[in-house]
Amino acid sequence: MSKQKNSIVAITANRLTDGVVIYLTADGGWTEKVEEATVAEDASARQGLEAKAQAGLAGQHITHWEPVEVERRDGILTAVKNKEAIKSRGPTVRRDLGKQAELYA
């Protein structure tokens, strides 16, 4: 986690009920869309996000959480690393399945 201290981060997790990748929102809720995630641009904001993520863990809404580096591309929030980008969109074998079906519809 220390490698991401100077980057913009969002919090990602897996939903406890079905394992779907989700992202923390500003109100402490969770969304399946990375572009709806809230971000932290400094250490103080990051601590706030981590506290909200811990609450999700304590409330048994998620299985675990972790910070993920994000950036805005053309005004849309996207994951920086390829692994996280794939997780945010779904399977790579067919674009008509998973979350990417909505993106490419």
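His 64 lies in strand 4. Strands here are DSSP runs of E with at least two residues, while helices are runs of H or I with at least four, and both are numbered from the N terminus. The model is predicted, so local features need pLDDT of at least 70 and side-chain atom pairs count only at pLDDT 80 or more, while totals for chains, interfaces and linings use all residues. Residues are numbered from 1 along each chain as its sequence is written, and side-chain values use heavy atoms, leaving out hydrogens and water.

Stay with His 64 for a moment. Buried means under 20% relative accessible area, exposed means over 50%, and partly exposed covers the range in between, using a 1.4 Å probe and protein chains only. Leaving aside neighbours within four places in sequence, His 64 is in contact (heavy atoms within 4.5 Å) with Thr 12, Ala 13, Asn 14 and Leu 57. Take Asn 14. It is 50 residues from His 64 in sequence, yet the two C-alpha atoms are 6.5 Å apart in space. Their side chains make a polar contact of 3.5 Å. The side chain of His 64 also makes a polar contact with the side chain of Thr 63, at 3.1 Å. A polar contact is a pair of N or O atoms within 3.5 Å; within protein, one must be able to donate a hydrogen and the other to accept it, and residues adjacent in sequence count only if both atoms are side-chain atoms.

Now step back to the whole chain. It has three helices and five strands. Along the sequence they follow the pattern β-β-β-α-β-β-α-α. The five strands form an open sheet in the order 3-2-1-4-5, with antiparallel pairing. Two strands pair if DSSP finds at least two bridges between them. At the edges are strand 3 (30-31) and strand 5 (76-79), each pairing on one side only. Strand 1 and strand 4 run antiparallel and are joined by six bridges. In one of them, Thr 12 has Glu 66 of strand 4 as its bridge partner. In general, strands of a sheet pair through backbone hydrogen bonds, either parallel or antiparallel.

Helix 1 lies across strand 1, strand 2, strand 3 and strand 4. It runs at about 145° to strand 4. That angle is taken between N-to-C directions, on a scale from 0 to 180 degrees, with axes fitted to C-alpha atoms, for helices over the stretch in contact.

Finish at Glu 36, in the loop between strand 3 and helix 1. Glu 36 is partly exposed, with a relative accessible area of 43%. A polar contact of 2.6 Å joins its side chain to that of Thr 31.
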